[in-house]
Protein chains: 2
Amino acid sequence: MIKKLLFTPGPTPIPPEALLAMAQPIDYHRSDAAVTLIKDVLEKLKHVFQTENDVLFLTSSGTGAMEGAVANLLAREDKVIVIRSGKFGERWSEICTAYGIEVLPIDVTWGASVEPEAVEALLTEHPDVKAIFATLCETSTGALHDIEALAGLTRVRPTLLVVDAVSALAADDLQMDNWGVDVVVSCSQKGLMTPPGLAFAALNQRAWDAVTCSDLPKYYFDFRKAHQSGLEGSVPYTPAVTLLAALQCALNRLCAEGIRNTIARHNRLAVATRSAIKALGFSLFAASPANTLTSIRLPSEIDGKAFINLMRDTYGVTYAGGQSQLSGKIVRIAHLGWMDENDVVVAISAFERGLHAIGYEVPLGAGVTAAQEVFRKEN
Amino acid sequence: MIKKLLFTPGPTPIPPEALLAMAQPIDYHRSDAAVTLIKDVLEKLKHVFQTENDVLFLTSSGTGAMEGAVANLLAREDKVIVIRSGKFGERWSEICTAYGIEVLPIDVTWGASVEPEAVEALLTEHPDVKAIFATLCETSTGALHDIEALAGLTRVRPTLLVVDAVSALAADDLQMDNWGVDVVVSCSQKGLMTPPGLAFAALNQRAWDAVTCSDLPKYYFDFRKAHQSGLEGSVPYTPAVTLLAALQCALNRLCAEGIRNTIARHNRLAVATRSAIKALGFSLFAASPANTLTSIRLPSEIDGKAFINLMRDTYGVTYAGGQSQLSGKIVRIAHLGWMDENDVVVAISAFERGLHAIGYEVPLGAGVTAAQEVFRKEN
């Protein structure tokens, strides 16, 4: 008997009451109960987004909200800056290019985070840039970007700051209103502890003003329709009602914990994981690691893909491997969503046993001990 | 104690094993099990689509697959025919217009079905039309369109036939390959007995050839990416994995029944419902009614909205009302998906009691009797 545990940066484990909410007989999405549910969910999302702006939702993966941000905010002749430090920064670039938007890329070595000075220099050179597309946590590398610093640049300029918080929302801090971030997009299957299939976007007034000037084609991802419907507890198209029911359960947990505490919990889990990994003699891949996940650089004698399969099949523990150029070279352990200290102990101890199983010597127990030291200190 | 029963044309009731499949601990979408699940689901969908063409899936409402069809098949200078006989025909038109495509509309009175001769005349006048966008069952009116006749026109011409089978798939016959339909789109929450959040498209070779000429912007709804990934049991973006698990359960039922039997069952339920409605002195709104749902024209003394609320709150039975210009004027009873003869008896008998409750005299039991006569004959 092996219990399966997911340490992937999405989907993340779902709390039991959210699982059971999905198993209830399905409701009509135009019922009074559905209207109340949608309004409640959208109100509670504001707390998680740390904003007074309305949050809108779409039935899609997070990429749908990213595409929506491009298609709703930009016009044909616009020029944008895209920060590319991994697969998801590249995705912003691909979407903009698909819509014929001129992209000024800032390419950052994978694992590093963008230097705000580099962004400022490019902005000064191109003051007519309509928007900067950035990533809070670059999930492919585990690197956290300094969104507060970027917002400091954009909020005194006409340029919009659009942040992909797909994986990091509720795990890493993102104070939309306090920092002056214009657009935040995210989705259900990460920090929000809900299965994949819902995406979200929050826009401030500057962003809504840009929407009125957009001439790019859009229909299903039309933010104005989604926003207006949402205010009335309605939807333009049949939404994923079972996922909304699960989301409500998850948001009840998050609101009870409080977003500041939720972020602090993720930070504690992340610090413990990093400490454990270092105690085992490994190095972190990200220079400024996020709370969302920990990326571990593998020595060349370890076959990353085979190791991840072994961990899943033998220890029931699913980590994520590297993507694109990092395939086989890193292991990514997410401590994201419905996760507590015991989960981190399991993730680390299994990592130790797995390494022993492939003949890679580490001081057995050193990782777990280091993690426990952090938890003891923090409590 | 009131049991809630959904007779809406989406979402439709979910079989219990599909509900419970969603309550299982969530799986990683890149696991071997997920690969097997995706391949299995896509294979079984071919049976339901009555095609040897590959079926692709998207995480979105059905409208996402409709938009995908427009964005993937067409190029900027294309001209298309859209058959508009209700809200969903109009949606094709709205999507095409959003992408700057020239639309030649064929407007049909709501409740009626298109005359193939009218389509042929317009095609002859405009032989350069790239595609015809049609609807199998116009859900807003309950009207069935003669897709076989339309396919007879397009398969001997370069024009593509794109069919919205969102509500009618598995309920009304649509022989994609035998009739020569080029593109069929549908979604999860209707005949497929799965919650909303998944959309599907099947394209034949002629349609794939058109995709290579398309220059409209697309990213999330890129059919080639979805198609190629699906063949490998993969996805370009995190899919709604809980909904895929439910879909597999539902498809197991559909494949065990066999699509021809499934359509025959829906026909039997529809014939019984129509017979019952007529026996109660009401008339059908649709001239050529679909198996998917029955639209009932209400006499002016009945307030449709109040009646639907009464039915839901007092009898636990949720019908759908009229949309747009039909608001308050019709009642729509779906007999769609996980439905059997007993469900129809419940829908009809509650209808009879509801009418009595509002003081509208009908011969109590006449509807149920008429339905039973049909079921007896058919068995």
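Into which domains is chain A divided? Select residues 5-10 together with 259-378 for domain 1, then 16-257 for domain 2; these bounds come from an automatic or database domain assignment.

Before going on, a word on what is on your screen. This is a predicted model, in which local features need pLDDT of at least 70, side-chain atom pairs count only at pLDDT 80 or more, and totals for chains, interfaces and linings use all residues. Residues are numbered from 1 along each chain as its sequence is written, while chains are lettered from A and ligands numbered from 1 in the order in which they are written.

**Stop one: between the domains of chain A**

Colour the two domains of chain A separately: their C-alpha centres lie 27 Å apart. Their contact takes 26 residues from domain 1 and 28 residues from domain 2, where two residues are in contact if their C-beta atoms, placed from the backbone, lie within 7 Å. Now pick α11 (259-279) and β12 (293-297) of chain A, which each supply at least two residues of the side of domain 1 that touches domain 2. Helices (H or I, at least four residues) and strands (E, at least two) are DSSP runs, numbered from the N terminus. The largest share of that side of domain 1, five residues, comes from α11(A).

**Stop two: where the chains meet**

Next, show chains A and B together. Here 42 residues of chain A are in contact with 42 residues of chain B. On the chain A side, select α1 (16-22), α3 (62-73), α4 (87-98) and α10 (241-257), each of which supplies at least two residues. By class, this side has 24 nonpolar, 14 polar and four charged residues. Ala, Val, Leu, Ile, Met, Phe, Trp, Tyr, Cys and Pro count as nonpolar, Asp, Glu, Lys and Arg as charged, and the others, Gly among them, as polar.

**Stop three: the axis**

**Last stop: Ser214(B)**

Finally, go to the loop between α8 (205-213) and α9 (223-231) of chain B, the place of Ser214(B). Leaving out residues up to four places away in sequence, Ser214(B) touches Asn72(B), Leu73(B), Leu74(B) and Ala75(B).
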